[in-house]
Amino acid sequence: MDETGQQFLNRTKHCNLGPSDQYLGKPQPPIQLEYDKAQPIIKLPKPSEIVTEFVDSRKIVEQRISLRKYSIEPLTMDQLSYLLWCTQGVKEVFQGTATLRNVPSAGARHALETYLLINNVEGIKPGLYRFLALEHSLISVSLDQDIADKITKACLNQNFVKSSAVTFLWVAVPYRMNWRYGERGYRYLYLDAGHVCQNLYISAESVNCGTCAIAAYSDDELNQLLGLDGNEQFVIYLATVGSK
């Protein structure tokens with residue numbers, strides 16, 4: 001096994017961990033990153049008001065594939081809201097210390113934030129946005145007309161990033177996880193990202209859309225475009241979505 005990978009596995013074994021910051025009584029990090037509350041937000045349709053057709057879960061699982069070519073038909077705001085609800089939707093908040101969502105997460109830490117490169121969604125100007133899970137809303141990060149080209153380049157020129165209706169970019173906030181689990185929390189971040197992406201595959205399939213997960217990208221380039229430091233916050237996974 002590669003030496004770096006072996007070191008990661010060894011150093012994150014339970015037997016090599018010290019007491020966590022939670023155990024030491026240190027303050028818990030917030031359950032959502034801060035944002036400028038003076039900035040306008042885009043309220044998404046309420047999940048409870050979105051009507052979806054009945055779908056056969058077995059059929060969805062069996063026909064799921066990674067799709068890289070999409071039609072020019074835009075996603076609706078209902079569809080986008082539904083996909084965000086299925087992947088990071090907040091069902092319940094416990095006294096501001098934890099959330100229950102539609103995906104599993106180690107210790108209900110939910111240490112991921114969702115950014116969106118929106119290319120073709122009805123009623124939303126193309127650009128880079130952040131999903132505010134607690135408010136079920138969007139906030140603009142960049143409306144630079146070249147942002148899709150820049151993110152595509154950072155994704156090693158995989159052109160379906162900018163031909164998708166929307167590309168999900170999941171950002172890890174490691175201390176939200178490591179506060180409880182120490183260095184082993186890094187393992188859980190990647191597991192959680194897999195849970196979220198699989199929910200996207202299944203929920204997209206249920207509304208006649210396709211998805212393709214992406215793990216090949218320039219970490220430094222992509223983090224810089226999203227305004228992340230690469231340590232306390234970093235891109236962990238991506239997935240494109242579009243109509244079939």
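Analyst: Happy to! Two strands pair if DSSP finds at least two bridges between them. This is a predicted model, and its open sheet has seven strands in the order β1-β6-β5-β4-β7-β9-β8, with antiparallel pairing. From one strand to the next, the twist averages 30°.

User: How do you know that β1 pairs with β6?

Analyst: Pairing needs at least two bridges. Three bridges join β1 to β6 (residues 137-142), and the two strands run antiparallel, so they count as a pair. As one example, K43 has S137 in β6 as its bridge partner.

User: What makes β1 and β8 stand at the edges?

Analyst: β1 (41-43) and β8 (209-214) each have a single partner strand, so one side of each is left without a neighbour in the sheet.

User: How do you know that α7 packs on the sheet?

Analyst: Contact means heavy atoms within 4.5 Å, and α7 touches β4 (112-118), β7 (166-172), β8 and β9 (234-243). The direction of α7 makes about 5° with that of β9.

User: What describes the way α3 and α7 cross?

Analyst: Two packed helices are described by the angle between their axes and the distance between the axes. For α3 (residues 77-88) and α7 (residues 185-206), the axes come within 8 Å and cross at roughly 145°. The crossing is right-handed.

User: Which residues of α3 and α7 meet there?

Analyst: In α3 they are Y82, L83, C86, T87 and Q88, and they meet V196, N199, L200, S203, A204 and S206 in α7. The residues of this contact divide into six nonpolar, five polar and no charged.

Key: Residues numbered from 1 in each chain as written. Predicted model: local features only at pLDDT ≥ 70, side-chain atom pairs only at ≥ 80, totals over all residues. Heavy atoms only, no water. Axes fitted to C-alpha atoms, helices over the stretch in contact; angles between N-to-C directions. Helix = DSSP H or I, 4+ residues; strand = E, 2+ residues; numbered from the N terminus. Left-handed = near helix turned anticlockwise from the far one by under 90°. Nonpolar A, V, L, I, M, F, W, Y, C, P; charged D, E, K, R; others polar.
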